[in-house]
Amino acid sequence: MSRNDDREIAVFWMRRDLRLHDSAAFHHALKSGLPVLPLFIFDWNILHKLEDREDARVQFLHKELREIKKSLRNAGSDIEIRYGKPENVWKEITDTYRVKAIYTNNDYEPYARERDAKTAETAAEKGIAFHSFKDHVIFEKDEILKDDGDPYVVYSPYSRKWLKAFSEKDTAPFACEKYFSNLLKTETADPPSLEEMGFSSFDFTYPSREIDTEIVKNYADMRDLPGKKGTSRLSMHLRFGTVSIREVTAVAVKHSDSWLNELIWRNFYQVILWHFPESATQAFKPKYDNIPWRNDTAEFEAWCEGRTGYPMVDAGMRELNETGFMHNRVRMVTASFLTKHLLIDWRWGEGYFAKKLLDFELASNNGGWQWAAGSGCDAAPYFRVFNPESQMKKFDPDKKYIRKWVPEFQDSEYPDPIVPHKESRERAISVYKSALS
Ligand SMILES: Cc1cc2nc3c(=O)[nH]c(=O)nc-3n(C[C@H](O)[C@H](O)[C@H](O)COP(=O)(O)OP(=O)(O)OC[C@H]3O[C@@H](n4cnc5c(N)ncnc54)[C@H](O)[C@@H]3O)c2cc1C
């Protein structure tokens, strides 16, 4: 491929920040003095690991990028949307354009860090600057540390320090649109189709990105009730950056401390993954890797398919399988059931959630699973074993949620519990206790 243009440009490399407003890197690129070309890479390294050819997340990305392309074309510019391994795509891009600088937003996952370090290194060899910015969290890396300079590994003191450090200016948006005249005037190819990338399209209704302030205001009372529409359902949009964390946080600050608290949990897990990348695969508390998991595959399948005979667990798994979402309370119940009642390695459950959740996010998913298994930084104690029956009575008292997902729960066709609660609970406590002593 040869150079098609002699102008020096800056590339804004979009990844998990699929929006054209309030984006730190985009803002800085647009103010750099160079014409800006946005770029998105459908990363072969990530896509080829996905098993489901009808992956709703890939389709979502594709749909959002087509919208972004439309908006940029309306502004007289465009976005390069390519498919391949990032290093190959970058070679094509730098062969085609005179790139002087790359602007991108920080991503804290181990794979992304390695990819970005490699890209920055190759760019430097070509005299291209690589600038990366905090964007999808309010505080990152070393911004909130303990007084002794260590990272927090317990949530409550972290959140107190977070709140103390926070001020309104942390939610000030990064202006982008008013600098659109600095976009590169160009026209690029249409994006690769889903089929070209090995996926197919299908009908799917995605959650809305509108923030429902009534839900936010009532969040403290409603958040634990899976039968009600009591949570924001913004997780997928926060995951892909189709909403900005600053706009979401500003709403939380105004309307609900308890909702803000959840956003701080999200921030906490991002920072934990940054400081402790090994926790992506290992127990945060190493002793927990001594637990002799039973890992019974038939039981695992029953759990995945929502056939455990425990309505709260089965409802959650069926909701997940059908919609790509599961209510947080039920995520806790299903995860506890897998790691305690069934003594199945949390990594199996984590992997299953990663495949199915529209909002799958390594930091929060790993954090949630290690919390449930007891192995996490600030986890439930090992002897806390959720009772799925009492969780149902407490959080779904009118059985609205159960009836929706397990309508047959009182019929003879509904299976008996695959394991008895009392004995499984005792077994879990004793296995954990001896592995940890
Ligand atoms: C085992 C397990 C696995 C999980 N996996 C994920 C995951 O892959 N991706 C993900 O985004 N969340 C995950 N969570 C956290 C939580 O369940 C979801 O964020 C939440 O259910 C999303 O629904 P919502 O958007 O309506 O959230 P709301 O209750 O409205 O909360 C607002 C936002 O705060 C963040 N948030 C809320 N609760 C948590 C939490 N406990 N930890 C971190 N962030 C939180 C999310 O970004 C969420 O969108 C997991 C929790 C558990 C127990």
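The following exercises, each with a worked solution, concern a predicted model of one protein chain.

Residues are numbered from 1 along each chain as its sequence is written. Because the model is predicted, local features need pLDDT of at least 70 and side-chain atom pairs count only at pLDDT 80 or more, while totals for chains, interfaces and linings use all residues.

**Exercise 1. The chain as a whole**

Task: Describe the secondary structure of the chain and state how its radius of gyration relates to the globule rule.

Solution. Step 1: The chain has 19 helices and five strands. Helices (H or I, at least four residues) and strands (E, at least two) are DSSP runs, numbered from the N terminus.

Step 2: The radius of gyration of the chain is 23 Å, close to the 22 Å from the globule rule for 437 residues, so the chain is as compact as a globular protein of that length. The radius is taken over C-alpha atoms, and the rule is 2.2 Å times the number of residues to the power 0.38.

Step 3: Along the principal axes, the C-alpha atoms fill a box of roughly 70 × 50 × 45 Å.

**Exercise 2. Domains**

Task: State into which domains the chain is divided and how many residues domain 1 and domain 3 bring to their contact.

Solution. Step 1: The chain is divided into domain 1 (8–135), domain 2 (136–172 + 212–275) and domain 3 (280–436); such bounds come from an automatic or database domain assignment.

Step 2: The contact takes six residues from domain 1 and six residues from domain 3. Two residues are in contact if their C-beta atoms, placed from the backbone, lie within 7 Å.

Step 3: The centres of domain 1 and domain 3, taken over C-alpha atoms, are separated by 36 Å.

**Exercise 3. The ligand shell**

Task: Identify the residues that come nearest to the ligand and the domains that supply the shell.

Solution. Step 1: Of the 27 residues around the ligand, T231, S232, S235, N365 and G368 come nearest. A residue is near a molecule or strand if its C-beta atom, placed from the backbone, lies within 6 Å of it.

Step 2: At least two shell residues come from each of helix 9 (235–240), helix 11 (257–275), helix 14 (328–341) and helix 16 (362–373).

Step 3: Domain 2 and domain 3 each give at least three residues to the shell.

**Exercise 4. The largest nonpolar core**

Task: Name the residues of the largest nonpolar core that touch the most other members, and describe the surroundings of V243.

Solution. Step 1: A nonpolar core is a set of buried Ala, Val, Leu, Ile, Met, Phe, Trp, Tyr and Cys residues joined through C-beta atoms within 7 Å. A residue is buried if 20 or more other C-beta atoms lie within 10 Å of its own, exposed if 12 or fewer, and partly exposed in between, with C-beta atoms placed from the backbone.

Step 2: The largest core has 67 residues, of which V248 and M312 touch the most other members. Helix 11 provides the largest share of this core, 10 residues.

Step 3: Leaving out residues up to four places away in sequence, V248 touches I211, L234, L238, V243 and L263.

Step 4: V243 is found in the loop between helix 9 and helix 10 (245–255). V243 is buried because 22 other C-beta atoms lie within 10 Å. With the same exclusion of residues up to four places away, V243 touches R209, L234, H237, L238 and V248.
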